[in-house]
Amino acid sequence: MKKFYKKSHAEKIKTLKATKAISNEDYHLLKNDQLNLPTELADRMIENYILNYDLPLGLAMNFIIDEEKTLIPMVTEEPSVIAAASNAGKIVAQSTGFHTEMDERLVIGQIVLKNVDHPDQAALKLKEKSEKILELANAAHPSILNYGGGAKRIETRVIAADPIYHNPEFFVLHLIVDTSEAMGANIVNTMTEAISAYIINLIGGESLMNILSNYATESVVKAACLINPKDLSTETMDGEKVRDRIIEASQYAKVDPYRAVTNNKGIMNGIDALLVATGNDSRAVEAGAHAYAARDGQYRALTNWSKDKNGYLKGKIELPISIGSVGGTLSVHPTAQFSYRILKQPSANELSRILAAVGLAQNLAALKAIVTDGIQKGHMNLQARALAIRVGAEAQNIDRVAEKLQDAEYKNSETAKKILFEILKEDQDG
Ligand code: NDP
């Protein structure tokens with residue numbers, strides 16, 4: 001896999017086959033461009049379908065996650081995301097690799113009522129009947145028991161009336177479900193709708209809605225890494241200085257929401273790319289992650305960088321991740337299925353942990369760039385090809401323009417146009 005990024009497309013896929021990262025069958029499917037979404041499937045996925053909107057899928061390299069070498073399929077339109085992830089993967093692999101944890105992976109369904117007269121008594125009644133409620137929920141989707149999942153417990157909450165929002169008091173029952181390998185939106189929605197009438201019969205009140213919550217606080221995943229500062233040095237800065245500046249940047253992202261949002265956007269560059277590659281619902285994970293970032297009332301960084309007693313840089317990320325390894329888009333999309341094969345068919349728990357590691361890596365790469373050379377140096381070098389295409393370069397001229405752009409002081413479309421013009425003129429003259 002060495003210098004994978006320098007290989008041609010044909011060499012890349014040959015290397016994947018030779019290193020057994022993909023099977024012979026996938027090699028042929030890739031070579032013959034047969035892993036895309038067929039029209040007849042796409043037409044059944046959404047309404048009013050007219051065509052496929054292609055995005056590139058690339059592989060981030062060098063990741064060691066829980067002692068396993070892992071190739072990360074990423075779908076992104078943004079140049080430099082995959083290079084940055086691979087770079088951070090390499091730095092972390094030189095020390096400990098990523099270590100991840102996830103205890104539970106449960107989904108919350110909400111049964112929301114208003115006009116419940118005695119919320120305290122209602123909560124007690126529901127607690128007494130919790131076995132019956134779980135039984136009814138499971139009866140609405142019995143196959144989940146065969147997969148080792150099922151409704152596990154209930155909790156109740158009262159959301160007070162608030163004159164600012166003019167809302168009445170809400171009484172909420174949380175149905176907490178183990179959806180096994182599924183993301184579980186459909187399973188949990190079915191269950192909440194099925195038990196709603198029983199709940200009202202028991203405690204009175206009026207139904208407002210029955211639906212899952214994407215604030216997946218029962219599916220929190222953590223990843224961590226330790227980095228020897230020597231692996232952080234750049235041409236102009238020693239590793240210890242880089243480490244200390246990363247720590248300060250991390251502290252800053254904890255206390256200033258203007259920075260925290262950008263910090264977390266960088267994290268989601270990696271997480272979203274892997275979510276899309278695996279056919280998962282990126283909007284669900286995004287919404288939950290951002291809410292989690294604001295869980296103490298202020299929006300903060302999802303990551304934390306500090307120093308351990310040996311002077312190693314210590315990185316941590318913690319966020320809710322609600323995904324599936326079955327169902328949803330994955331059940332139909334050939335590219336998503338291919339991504340799973342690249343990842344060696346992880347369970348939903350394993351994929352959640354890989355996602356957290358990728359988010360942490362992406363954050364490391366961004367912080368390192370920002371506190372050393374600045375983000376634009378690496379970014380614009382990788383944007384050069386996109387810029388060349390934008391100004392009209394074709395075929396081999398794309399790389400020729402991009403190469404010359406690397407040395408230009410101002411890497412913008414004006415410069416790219418001039419370079420292309422000179423190249424075309426040179427070719428015409430000579
Ligand atoms: P699916 O209904 O597509 O997939 C779950 C189904 O997969 C299960 O019902 C089960 O079907 C089958 N299955 C096979 N093996 C397993 C296993 N080991 N564990 C669990 N199930 C298994 O999707 P989800 O319920 O997971 O919902 C996800 C989809 O819902 C996503 O596409 C998402 O975008 C969408 N969605 C999201 C919402 C949100 O986030 N707010 C709202 C509504 C929809 P069977 O029992 O028949 O075998």
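Mentor: Start with the word strand: a strand is a DSSP run of E with at least two residues, and strands are numbered from the N terminus. Leu-208 sits in strand E7, which spans residues 206-212. Keep in mind that this is a predicted model.

Trainee: Why is Leu-208 called partly exposed?

Mentor: The relative accessible area of Leu-208 is 43%. Buried means under 20% and exposed means over 50%, so Leu-208 at 43% falls in between and is partly exposed.

Trainee: What makes the nonpolar surface patch with Leu-208?

Mentor: Leu-208, Met-209 and Ile-211 make it, and the patch covers about 240 Å². A patch residue needs over 30% relative accessible area, and Leu-208 passes that cut-off with 43%.

Trainee: Where is Thr-100, and why does Thr-100 count as buried?

Mentor: Thr-100 belongs to strand E3, residues 99-101. Its relative accessibility is 11%; the limit for buried is under 20%, so Thr-100 qualifies.

Trainee: Which side chains make polar contacts with the side chain of Thr-100?

Mentor: Asp-66 does, at 2.3 Å, and so does Arg-353, at 3.2 Å.

Trainee: Why does Ser-213 count as buried, and where is Ser-213 placed?

Mentor: At 15% relative accessibility, Ser-213 is under the 20% limit, so the label is buried. Ser-213 lies in the loop between E7 and strand E8 (220-227). As for distance, Ser-213 and Ala-384 are 171 residues apart in sequence and 42 Å apart in space, taken C-alpha to C-alpha.

Trainee: What is the phi of Glu-67, and why does Glu-67 count as exposed?

Mentor: The phi of Glu-67 is also positive, near 70 degrees. Glu-67 lies in the loop between E1 and strand E2 (68-75). Exposed means over 50%, and Glu-67 has 61%, so Glu-67 counts as exposed.

Trainee: Turning to the ligand, how many residues are around the ligand, and which come nearest?

Mentor: There are 21, and Ser-143, Tyr-147, Gly-184, Asp-281 and Gly-328 come nearest. By class, the shell has nine nonpolar, 10 polar and two charged residues.

Trainee: Which atoms lie by an oxygen atom of the ligand?

Mentor: A polar side-chain atom of His-141 is 3.0 Å from an oxygen atom of the ligand. A backbone N or O atom of Gly-184 is 2.6 Å from a ligand oxygen, and a polar backbone atom of Ala-185 is 3.3 Å from one. The ligand taken alone exposes 930 Å², and the protein buries 67% of that.

Trainee: Which elements give two or more residues to the shell around the ligand?

Mentor: Helix H7 (143-146) and helix H8 (185-203) do. H8 gives the most, with four residues.

Note on methods:
Residues numbered from 1 in each chain as written. Predicted model: local features only at pLDDT ≥ 70, side-chain atom pairs only at ≥ 80, totals over all residues. Heavy atoms only, no water. Patch = residues over 30% accessible without salt bridge, like charges linked within 9 Å, V, L, I, M, F, W, Y side chains within 5 Å. Areas by Shrake-Rupley, 256 points an atom, 1.4 Å probe, with all protein chains shown as cover. Salt bridge = Lys/Arg side-chain N within 4 Å of Asp/Glu carboxyl O. Buried < 20%, exposed > 50% of the residue type's maximum accessible area, 1.4 Å probe, protein only. Near = heavy atom within 4 Å. Polar contact = N/O pair within 3.5 Å; in protein donor to acceptor, adjacent residues only side chain to side chain. Nonpolar A, V, L, I, M, F, W, Y, C, P; charged D, E, K, R; others polar.
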